[in-house]
Amino acid sequence: RRQENEAKRTTDKLRSPICAVLGHVDTGKTKLLDKIRRSHVQDGEAGGITQQIGATYIPTDEIERQTAKVKKGSKFEIKVPGLLVIDTPGHESFSNLRSRGSSLCNMAVLVVDIMHGIEPQTAESLEMLRKRKAPFVIALNKVDRLNGWIRTPNTPIQLALKKQKQPAIQDFETRLDHIKLQFAERGINTELYWKNKNIREYVNIVPTSAHTGEGVPDLLFLLVSLTQKMLAKALAYSEELECTVLEVKEVQGYGTTIDVILTNGTLREGDTIVLGGLEGPIVTTARSLLMPAPLKELRVKNAYVLHKEVRAAQGVKIAGKNLEKAVAGLPLYVAHTPEEEEVYKEEAERLLEDTLNAIKTV
Ligand code: GDP
């Protein structure tokens with residue numbers, strides 16, 4: 001079955017790329033996520049952005065709207081249906097999560113405070129990204145703190161820079177040069193994204209402000225254009241299920257549930273699911289597939305909507321029996337036959353052992 005599904009994969013139909021946000025504490029990871037999510041909610045509409053389990057989904061329409069000014073005049077066309085951004089900022093969202101041995105995330109945003117440059121956890125994140133050969137962009141955040149910065153909310157960064165007077169320009173250039181040097185010392189070539197002619201050799205830098213929103217449209221634009229250019233193969237939609245457990249949680253009215261990110265394929269209510277458990281593989285039925293109610297109705301906590309089926313890429317909560325001992329960070333499988341069930345049980349067990357061994361050797 002896997003081979004059959006693999007053969008049907010096509011780059012004509014792409015799934016949403018999955019992105020994670022990394023960086024040193026206090027660089028603005030959480031704020032930046034908030035900004036991406038909420039910058040347009042103030043206008044009285046959520047622009048189709050949906051808060052999902054463990055992630056935020058930004059559909060293409062909304063990306064088009066937010067990036068219109070950035071790509072003015074360019075022939076850039078959005079081919080992915082949207083962007084799924086993992087809500088948990090930091091290491092965990094990237095390093096522990098694996099879907100079938102590879103990293104769950106397609107693209108990372110490494111946030112660096114323009115006033116501080118590379119800090120200890122920036123260096124750690126860099127090491128991890130390097131080890132995994134994971135593509136990433138650098139968000140050089142807090143540009144609004146530059147000397148004499150003139151605010152131009154939610155504006156593409158090149159336009160915002162054109163509005164600045166000499167002191168801010170000077171401050172920006174000095175700090176940018178210094179930070180590029182810091183990256184170079186670690187063997188990483190970087191360049192402002194609009195000057196970058198070689199995206200495979202140079203990591204893109206996008207200056208941002210999570211407070212005033214300058215550069216945030218550029219960040220969205222970059223995430224979409226880079227994933228499309230560099231990862232079309234990895235993003236080819238396939239019916240082969242790829243799903244990772246993010247969290248195991250007790251929820252009133254549902255018992256123990258698991259939050260999963262569905263990267264590929266379709267999950268259906270009533271599916272037989274197989275996943276790693278502390279006391280051996282767990283086989284159970286996906287009794288309910290839950291997704292949060294739309295943003296504007298989110299005032300009621302734990303207001304979920306039931307779904308008969310969910311297609312990738314999405315964040316979903318699964319309720320079912322025997323999920324108490326489920327282990328986060330591992331893949332989830334759907335078995336259609338008893339034979340498949342056996343194969344997946346073995347695979348789940350093997351991956352759990354690999355993970356435990358990896359933890360021991362750290
Ligand atoms: P995290 O630890 O990386 O998630 O950082 P937070 O998002 O919690 O931000 C840390 C602090 O920096 C908070 O006080 C934010 O208000 C502030 N901050 C974040 N982004 C910006 C920004 O772009 N400009 C300014 N001036 N402050 C920011």
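This is a predicted model: local features need pLDDT of at least 70, side-chain atom pairs count only at pLDDT 80 or more; totals for chains, interfaces and linings use all residues.
Visitor: How many helices and strands does the chain have, and what share of its residues count as buried?

Guide: Welcome! The secondary structure comes to 9 helices and 22 strands. The chain has 362 residues. Of these, the share that count as buried is 54%.

Visitor: Which helix gives the most to the shell around the ligand?

Guide: Let's start with the shell itself, where 15 residues surround the ligand. Asp26, Lys29, Thr30, Asp144 and Ala210 are the closest. By class, the shell has 2 nonpolar, 7 polar and 6 charged residues. The helix that gives the most, with 3 residues from its range 29–38, is H2.

Visitor: How much of the area that the ligand exposes when taken alone does the protein bury?

Guide: Taken alone, the ligand exposes 580 Å². The part of that area buried by the protein is 76%.

Visitor: Which residues of strand S9 point the other way from Phe136, Ile138 and Leu140?

Guide: In a regular strand the side chains alternate between the two faces of the sheet. Phe136, Ile138 and Leu140 point one way. Pointing the other way, and buried as well, are Val137, Ala139 and Asn141.

Visitor: What is the bridge partner of valine 109 in S9?

Guide: Strand S8, residues 107–113, runs parallel to S9, and 6 bridges join the two. Within this pairing, valine 109 has as its partner valine 137.

Visitor: Is aspartate 171 buried or exposed?

Guide: Aspartate 171 is found in helix H7, residues 166–185. Its relative accessible area is 14%. Buried means under 20%, so aspartate 171 counts as buried.

Visitor: Which backbone nitrogen does the side chain of aspartate 171 reach?

Guide: Leaving aside its neighbours within four places in sequence, aspartate 171 is in contact with Leu146 and Asn147. The side chain reaches a backbone nitrogen at 2.9 Å, and that nitrogen belongs to asparagine 147.

Methods
Residues are numbered from 1 along each chain as its sequence is written. Side-chain values use heavy atoms; hydrogens and water are left out. A residue is near a molecule or strand if one of its heavy atoms lies within 4 Å of it. Accessible areas come from the Shrake-Rupley method with a 1.4 Å probe; for residues, only the protein chains shown count as cover. Helices (H or I, at least four residues) and strands (E, at least two) are DSSP runs, numbered from the N terminus. Ala, Val, Leu, Ile, Met, Phe, Trp, Tyr, Cys and Pro count as nonpolar, Asp, Glu, Lys and Arg as charged, and the others, Gly among them, as polar. Buried means under 20% relative accessible area, exposed over 50%, partly exposed in between (1.4 Å probe, protein chains only). Two strands pair if DSSP finds at least two bridges between them. A polar contact is a pair of N or O atoms within 3.5 Å; within protein, one must be able to donate a hydrogen and the other to accept it, and residues adjacent in sequence count only if both atoms are side-chain atoms. Contact means heavy atoms within 4.5 Å.
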